[in-house]
Amino acid sequence: MYDFHLHTRHSFDAEYSPAEMLAAAAQAGLREICFTDHVDFDGSGEAPADLSALRRDILTLRESGSPVAVRFGAEVSLGDESCTQRALAHLAGQPLDFVIGSVHLLDGVDPYYQKDLYTSAPKETVYRRYLECVCRLLRSGVGFSVLGHYDYIAKFAPYGDRSFPLSAAPEQFDQIFDFLVQNGKALEINTASWRDGPAWGLDVLRRYRERGGELVTIGSDAHTPERVGGRVGEAVELVRAAGIRYLATYEQKKAVLTAI
Ligand SMILES: [Zn+2]
Ligand SMILES: [Zn+2]
């Protein structure tokens, strides 16, 4: 159906063109996609995407007659004040449809490079520390549409059971949900966090719903064509099982709801 989290060669960590990713989306039978290349000023040192170049590619693709609708987005790292100011300056003047706000660093380092992190404390403690960080940075002032991958910390965890249960950090989840609901922002189900293991998140989505959450987006976070649209069907089932009746997509930063 939809995949609202895709990277292209305009991201420092991907090498496929928007055209190649779009072809994979058409092949997967998707109806609408959004390219969300990285804009990271969080201290990771990676060059931000050239959004003007991405936009030119998207305009060309829209004229190509593809049956898949293509939206223009960005994934912005949340960080301190200077990170926020630089990100806002980078986004200025870009007619974006959608912005993902994501936390990629824990204590200044991507968890991907912190293998000791996961053995330093029980899983719940490690996961909670990440969400505490998310709680702090949510308010950083980047005008994002959706909080990206709340379970990023689980993606590279070495545990046999990497799932991120609500019970790991109930208070932090509630703080995040309250912020999202009060500010009209969405929660993302990021299917890449599951990698090739079992899906999770029903308990989290149910709690989000209980706190008044209604806006949910789904993204594969694909960096390669074979991952485009990956497991989005399972994500839709989770959203439905949690009692949420719509999926959100975005156009000109406004949520468009589709009944499921
Ligand atoms: Zn991310
Ligand atoms: Zn991403």
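Me: Are His-7 and Glu-75 buried or exposed?

Reply: Buried means under 20% relative accessible area, exposed over 50%, and partly exposed in between (1.4 Å probe, protein chains only). Here both His-7 and Glu-75 are buried. Do keep in mind that this is a predicted model, where local features need pLDDT of at least 70, side-chain atom pairs count only at pLDDT 80 or more, and totals for chains, interfaces and linings use all residues. Residues are numbered from 1 along each chain as its sequence is written, chains are lettered from A and ligands numbered from 1 in the order in which they are written, and side-chain values use heavy atoms, with hydrogens and water left out.

Me: Which residues coordinate the zinc ion (ligand 2)?

Reply: Donors are N, O and S atoms within 2.8 Å of the metal (3.2 Å for Na, K and Ca); water is not among the atoms, so sites may look incomplete. For this ion they come from His-5 (NE2), His-7 (NE2), Glu-75 (OE) and Asp-221 (OD), at 2.1 to 2.2 Å. Glu-75 also bridges to the zinc ion (ligand 1), and the two ions lie 3.4 Å apart.

Me: Why is the arrangement around the zinc ion (ligand 2) irregular?

Reply: Four donors count as tetrahedral if all angles lie between 85 and 135 degrees; four count as square planar and six as octahedral if opposite donors are over 155 degrees apart and all others between 65 and 115; anything else is irregular. The 4 donor atoms here subtend angles of 83 to 172 degrees, so the arrangement is irregular.

Me: How are the donor residues spaced in sequence?

Reply: The spacing for the zinc ion (ligand 2) reads H-x1-H-x67-E-x145-D.
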